[in-house]
Amino acid sequence: VGAESYPGNGATTPTNYCMETFVNQFEGNDYKEKAQNAYDTWSAHVASMIRAFRRFNSPKPIIVTINTFYTLPTQDDNDFPRMVAEKATERYRRNGVELPKLGLGVQGATTNGIDQYSSVTECYADWCNIFNEKKGLGI
């Protein structure tokens with residue numbers, strides 16, 4: 001089982017029509033305020049979705065894909081995938097029960113991506129560093 005962490009194809013970077021369409025659905029006095037509201041709302045939604053998946057307490061692995069997502073060019077494009085990774089792997093208890101961590105995936109893994117990982121160069125959605133940080137968690 002897997003889950004995406006961005007609102008739709010094309011709505012991943014701040015400078016395209018899909019993102020502008022997404023952002024303009026949110027409240028705000030100007031585009032910058034709407035974009036921040038869109039980012040905050042979507043981030044809260046994804047965090048809630050991750051907690052819901054963890055409450056399934058599934059015997060089968062559940063993986064959440066880490067993607068870049070930012071609504072303004074001034075935002076760090078690694079903040080969102082780091083939040084997703086943290087929510088998927090942090091300790092989470094509900095009603096006294098420790099719930100399982102989610103696995104992390106990255107969409108579009110390629111041979112080039114494996115080469116990037118082995119040399120720890122710039123990886124899409126900071127997945128090289130996130131995988132290195134989380135690899136001891138058994139996910």
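View A. Asn-95 counts as exposed at 72% relative accessibility; exposed denotes over 50% relative accessible area, buried under 20%, and partly exposed the range in between, for a 1.4 Å probe and protein chains only. The model shown is predicted: local features need a pLDDT of at least 70, side-chain atom pairs count only at pLDDT 80 or more, and totals for chains, interfaces and linings use all residues. Residues are numbered from 1 along each chain as its sequence is written, and side-chain values use heavy atoms, with hydrogens and water left out. Asn-95 is placed in the loop between β3 (93-94) and β4 (97-98). Helices (H or I, at least four residues) and strands (E, at least two) are DSSP runs numbered from the N terminus. Although Asn-95 is not a glycine, its phi is positive, at about 55°. Most residues other than glycine have a negative phi.

**View B. Asp-126, a buried residue with a positive phi.** Asp-126 is not a glycine, yet it has a positive phi of about 55°. This residue belongs to the loop between α4 (111-119) and α5. With a relative accessible area of 9%, Asp-126 is buried, whereas Asn-95 of View A is exposed.

**View C. The buried side of helix α5.** Helix α5 spans residues 127-134, and its residues Trp-127, Cys-128, Ile-130 and Lys-134 are buried. These residues cover an arc of only 170° around the axis, which puts them on the same side of α5. The arc is taken from the directions that run from the helix axis to the C-beta atoms.

View D. The side chains of Thr-89 and Lys-134 are joined by a polar contact of 3.2 Å. A polar contact is a pair of N or O atoms within 3.5 Å; within protein, one atom must be able to donate a hydrogen and the other to accept it, and residues adjacent in sequence count only if both atoms are side-chain atoms. Lys-134 is located in helix α5, and Thr-89 in helix α3. Both partners are buried: Lys-134 has a relative accessible area of 13%, and Thr-89 has a relative accessibility of 4%.

**View E. Packing of α3 against α5.** Two packed helices are described by the angle between their axes and the distance between the axes. For α3 and α5, the angle is about 20° and the axes are 10 Å apart. Axes are lines fitted to C-alpha atoms, for helices over the stretch in contact, and angles run from 0 to 180 degrees between N-to-C directions. The angle makes α3 roughly parallel to α5, a term for angles under 35 degrees; over 145 counts as roughly antiparallel, 65 to 115 as roughly perpendicular, and the rest as oblique. The crossing of α3 and α5 is right-handed; a crossing is right-handed if the near helix is turned clockwise from the far one by less than a right angle, and left-handed if anticlockwise.

**View F. Packing of α2 against α3.** The axes of α2 and α3 cross at roughly 25° and come within 9 Å. This makes α2 roughly parallel to α3. The crossing of α2 past α3 is right-handed.

**View G. The stacked pair of Tyr-39 and Phe-69.** The structure holds 9 aromatic pairs. Tyr-39 and Phe-69 form a stacked one, with 5.9 Å from centre to centre and 5° between the planes. Rings of Phe, Tyr and Trp (its six-membered ring) pair if their centres lie within 6.5 Å; planes under 30 degrees apart count as stacked, over 60 as edge-to-face, and the rest as tilted. Tyr-39 lies in helix α2 (residues 31-55) and Phe-69 in the loop between β2 (63-65) and α3 (79-89), so the pair ties together parts that are 30 residues apart in sequence. Tyr-39 is buried at 13% relative accessibility, and Phe-69 is buried with a relative accessible area of 0%.

**View H. The aromatic cluster.** Phe-22, Phe-26, Tyr-39, Trp-42, Phe-69 and Phe-80 are linked into a cluster by ring pairs.

**View I. Gly-103 and Leu-137.** Gly-103 forms part of strand β5 (residues 103-105) and is buried, with a relative accessible area of 14%. Its C-alpha atom is separated by 9.6 Å from that of Leu-137, which is 34 residues away along the chain.
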